[in-house]
Amino acid sequence: MYIRVKEIPGGGLDVFATKGRASIPRILDGMNLSPLTSLLLTSAELTLSLEDGDIFAEGSFEAEGEAACDRCSDPVSARFGKSFHTVLVPRGDEPEKSDPVELRAEDLEVGYYDGKGVEVNDIFWEQVALELPVKIVCSEECKGICPMCGVNRNRESCSCEGNPKPGPFDVLKNLKGKK
Ligand SMILES: [Zn+2]
Ligand SMILES: [Zn+2]
């Protein structure tokens, strides 16, 4: 959903109240969600306001999705959300040789736009990307999959456990055996 600067009134634009909420479940379509396998926005809020040519984007989202456990590959449901407050500065208009971040309040994220308008999906993609976990485990106690026989150690125990790893002497024995 593209919002042109001219569409933003003086009092700000409540994007979903004005444009409808039907697009919310599709906002993340096409996004790289790794390590998640699926993710859907269950709620989203966004208010855009203009100040001296900068767009202030204040919003929040909640998302629900699925991932595969990093250790045992079982499906794990993921749920997260956040509130954000970003200022979008027209590209090419940024003060030279100074970091705009330093000029703003600390909790304000700074991004850029082309001076004409903003793509709402981009705003959410960026916010969601910041929240994507690096790794997901079904539980901190997950025992994972046995690297030797492949059973899920959360559900079964296997006899491989406790077997010593092959040491250097075993390798020697094998070499001798081959002669
Ligand atoms: Zn697991
Ligand atoms: Zn095993």
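Among contacts between residues at least 6 apart in sequence, 56% join residues at least 24 apart. Two residues count as in contact if their C-beta atoms, placed from the backbone, lie within 7 Å.

Some ground rules. This is a predicted model: local features need pLDDT of at least 70, side-chain atom pairs count only at pLDDT 80 or more, and totals for chains, interfaces and linings use all residues. Residues are numbered from 1 along each chain as its sequence is written, while chains are lettered from A and ligands numbered from 1 in the order in which they are written.

Now the parts list. The chain has 4 helices and 7 strands. Helices here are DSSP runs of H or I, at least four residues, and strands are runs of E, at least two, numbered from the N terminus. In sequence order the pattern reads β-β-α-β-β-β-α-β-β-α-α.

On to the sheet. How many strands does the open sheet have, and in which order? It has 5 strands, ordered β2-β3-β4-β5-β6, with mixed pairing. Two strands pair if DSSP finds at least two bridges between them. β2 and β6 (109-113) stand at the edges with a single partner strand each, so one side of each has no neighbour in the sheet. In general, strands of a sheet pair through backbone hydrogen bonds, either parallel or antiparallel.

Walk across it with me. β2, residues 13-14, runs antiparallel to β3, joined by 2 bridges. Leucine 13 has leucine 48 of β3 as its bridge partner. Leucine 48 also stands opposite alanine 57 in β4. β3 and β4 are antiparallel too, over 14 bridges. They form a hairpin with 2 residues between them. Aspartate 52, in that turn, has a positive phi of about 55°. At the other end, β5 and β6 pair in the parallel sense over 5 bridges. There, valine 89 has tyrosine 112 in β6 as its bridge partner.

Buried or exposed? Arginine 79 is exposed, with 10 other C-beta atoms within 10 Å. The cut-offs: buried takes 20 or more other C-beta atoms within 10 Å of a residue's own, exposed 12 or fewer, and partly exposed is in between. Of the 179 residues of the chain, 16% count as buried.

Next, helix α3. Its 12 residues should span 16 Å at 1.5 Å a residue, and its end C-alpha atoms are 17 Å apart, which agrees. The expected span is 1.5 Å times one less than the number of residues. Which residues of α3 are buried? Val120, Ile123, Phe124, Gln127 and Val128. Seen down the axis of α3, they fall within an arc of 125°, so they line one face of the helix. That arc uses the directions from the helix axis to the C-beta atoms. The face turned away carries the exposed residues Ala129 and Leu130. The cover over the buried residues of α3 includes β3, β4 and β5.

Last, the core. A nonpolar core is a set of buried Ala, Val, Leu, Ile, Met, Phe, Trp, Tyr and Cys residues joined through C-beta atoms within 7 Å. The largest one has 24 residues, and Leu46, Val118, Val120 and Phe124 touch the most other members. β3 (36-51), β4 (54-68), β5 (75-90) and α3 (120-131) each supply at least two residues of this core. Leaving aside neighbours within four places in sequence, valine 120 is in contact with Met1, Ile3, Val15 and Leu46.
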